[in-house]
Structures are given as C-alpha cells and as structure tokens.
Amino acid sequence: MNDQTPRRYRGSLVERAAAIYAFSPPQNRSAPVEPTPAAPQPAAPLHRPLFDTVEPPRAPLRPDHATPAPQPAPTGRRAVAIDRVKLAAAGMLVPGAAVTALAEEFRLIKRQLLATSRTIRRDDDDKGRMVLVCSAKPDDGKTFCAINLALSMAAEKDVEILLVDADFAKPDVLNKLGAPDGVGLLDVLAGNVASAEECIVDTDVPQLSVLPAGTKSNADTELLASARAHAILDGLAAANPRRIVIFDSPPALAASPASVLADHVGQVMMVVRADRTTESDLREAVGLLDACAHIQLVLNNVTFQPGGRRFGSYGAYYGEPDK
C-alpha cells in the first residue's frame, strides 16, 4: 500500500434504532346494556389492537466509522476522540472495524516485536517495553507505520500503549489522529511542565494514549541528551508495568534526535520504502542507530507480485540487516 494515497475504508457497522412498545392499560367496561329492537348496537370491529406501539424519533444515521464523543479520562488527563473517518480516508487501521489485509500485516509485525520485547525484558524490563519507529529519510511512511502499530498493539489484552510524537521538527501524530495538539515532551524536557504524565492525552481507543511533541525548541537534541531526559524517558515505561512506549522519531538521516532516542529503547522498527530507500541510505541510518542492538525492518510501498505469500498490499517484515 502507498500510505501517501488516501483510500476509502469500507466498513460494515451500521447504527440502527429499535422500536419500543408500551402496553396500554385495560379499558374499564360498564355492565352490558340490553339492546332494543328500535336501536340495535353496531357490530363490533373484527380486529382490536392488543396494545399501542410507540416508536421514538430515530436518531440520524452517522457515517460509517463515526467518531464517538470523547469521554472524560479516568486519570483526570485530557481526553480526545480519534477521528475514525480521517483514519479511513488516509488508509489507516480503524479501531473496531472489520479485519483487513493491512490489519493482518500489522498483526505479524507486532507479534515479532512483542516476541523480541519479551527477550529483552529478561535483562531490562523497562527498555524492553520501548520501541523506536524510524526511517532513513522523510516521506518513507514512518508516522503511518507508528500510528498503525500503536492501534494494532492497543488491541492486545495485556498491555497499554503510549504513542510518543518525538518528531519535534515535524510533529504530525495528533493531526493524523484528528485530535488537537498541546503541551508535550519538549515542555517536560525544558522544565516547563513538572511531569510527562501530566501531558499524556488519553483517547477513546481503549488502552491507547498519546504524548504530544510539545513546544518547538532549537535545542531538542541537547534536551534529549541531558540527564533529565534520561530520567524522564526511562520513567515513561517505569510508570506503568503494562505500558509499551512507541516513539515516532524524525528520520535518522534528516535529524539527530533519532540516534539519541535509539539509546533509550530496546528495539528499532526501521521503515524502508521499497521504491525510494537506497541500500547506502539504509546502512548509514542503521549505523546511526547502532546504540540499539535490535533493529528490525518493515518494507513499505511494495508492488504486488502474483504468486507470493501476502495478506494484502502493505509490506513485509524482515529481521536485522547485515551491518
């Protein structure tokens, strides 16, 4: 699939209204009156309704994948409703919709990442629950993959997902979800907000929350490399033993924060665009992220080849490349 080309999502969820029936009280009848020959009683009707039916006004039908109203977050944090229509138009996964080929592809991807996570957690539990999504250059589809990975992982029963927008120069996670931006990670790193937990935005997708990028700064890499940043980033996983943290970082060859973030995570999911990323770019990007020992590749924008094993039109999953 080309994540740059929006497509219409076909779902099957239809909102329907049900009729409500209310029984009428029985009618009181007086003693029968003897009819007279001069004034005969009219014949009784052949059919009499047993009860009255009352149907309330029907609610207007919502479009498929309609976004429900946001509910107050139980933690007291800001809560937003994700725009399902916008996700479908962008060709992304839609929470609660029917399983698609794209959903199956990300099921394969997350299974591999979760398996690697369990291995890493034997030595470092917090780092094993942090994943960096990156690419070599811009427009390779890393944010597309980061959001879909977060949505897919949020469907798991035993985890909670925190999606962090760490692409400080070009933050786009909240926009793609159809939610307003706000204070975020950079505000915490700069000391303007006391705790990262205060900036986390809960969504109407169960087990999915988002940490915005925050107010732009000219010293984002220096802030990330500070001792305060180490405590804050490591604390994102430590704050909740069920939490998996997914970072959407800037491209490795376009901005330096990716290499700094690689030192904090247990594994990197490198998005490789099939029709654009060169082998030399990939090797150079992997070299910049070598602070992380586990680097996985996701091939994006693949052209369909008849006869190959494939769920749909998204991509394939590969292991760590040779360095």
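A residue is called buried here when its relative accessible area is under 20%, exposed when that area is over 50%, and partly exposed in between. In this predicted model, Thr143 has a relative accessible area of 11% and is therefore buried. Thr143 belongs to helix H3, which covers residues 142–154. Apart from neighbours within four places in sequence, the residues in contact with Thr143 are Val173, Lys176 and Asp248.

## The chain as a whole

The chain has 323 residues, of which 44% are buried. Its secondary structure consists of nine helices and eleven strands. Of the contacts between residues at least 6 apart in sequence, 77% join residues at least 24 apart. The accessible surface amounts to about 17400 Å², and carbon and sulfur atoms account for 54% of that surface.

The mean pLDDT is 79, and 70% of the residues reach 70 or more. Over residues 4–33 pLDDT stays under 50, and the model has 42 contacts beyond four places in sequence for that segment. Over residues 42–74 pLDDT also stays under 50, with 51 such contacts in the model.

Helix H2 comprises 21 residues, 101–121. From its first C-alpha to its last, H2 reaches 30 Å, close to the 30 Å expected at 1.5 Å a residue. The buried residues of H2 include Leu102, Phe106, Ile109, Lys110, Leu113, Leu114 and Ile120, and among them are also Glu105, Thr116 and Ser117. Viewed down the axis of H2, the buried residues fall within an arc of 165 degrees, so they line one face of the helix.

Glu156 is situated in the loop between H3 and strand E5 (160–165), whereas Lys110 is in helix H2, so the pair ties together parts that are 46 residues apart in sequence. Are the two partners buried or exposed? Glu156 is buried, at a relative accessible area of 18%, and Lys110 is likewise buried, at 4% relative accessibility.

## Other salt bridges

The whole structure contains 17 salt bridges.

| Asp126 | Arg129 | 2.9 Å |

In the pair of Asp126 and Arg129, Asp126 is partly exposed at 26% relative accessibility, while Arg129 is buried with a relative accessible area of 2%.

Helix H9 covers residues 279–288, and its buried residues are Asp281, Leu282, Ala285 and Val286. Seen down the axis of H9, these residues fall within an arc of 130 degrees, so they line one face of the helix. Glu279 and Ser280, on the other side of H9, are exposed.

Which strands do the buried residues of H9 pack against? They pack against strand E9 (267–273) and E10. Strand E10 spans residues 295–300 and contains Gln296, which counts as buried at 9% relative accessibility. Gln296 and Val133 are 163 residues apart in sequence, yet their C-alpha atoms are 9.7 Å apart in space.

## Positive phi in two loops

Most residues other than glycine have a negative phi. Asp139 has a positive phi, near 65 degrees, and is not a glycine. This residue is in the loop between strand E4 (130–135) and H3, and it is partly exposed with a relative accessible area of 44%. Gln207 also has a positive phi, of about 70 degrees, although it is not a glycine. Gln207 is located in the loop between strand E6 (201–203) and strand E7 (208–211), and its relative accessible area of 28% makes it partly exposed.

Notes. Residues numbered from 1 in each chain as written. Predicted model: local features only at pLDDT ≥ 70, side-chain atom pairs only at ≥ 80, totals over all residues. Heavy atoms only, no water. Helix = DSSP H or I, 4+ residues; strand = E, 2+ residues; numbered from the N terminus. Expected span 1.5 Å × (residues − 1). Buried < 20%, exposed > 50% of the residue type's maximum accessible area, 1.4 Å probe, protein only. Arc of directions from axis to C-beta. Contact = heavy atoms within 4.5 Å. Areas by Shrake-Rupley, 256 points an atom, 1.4 Å probe, with all protein chains shown as cover. pLDDT = per-residue confidence, 0-100. Salt bridge = Lys/Arg side-chain N within 4 Å of Asp/Glu carboxyl O.
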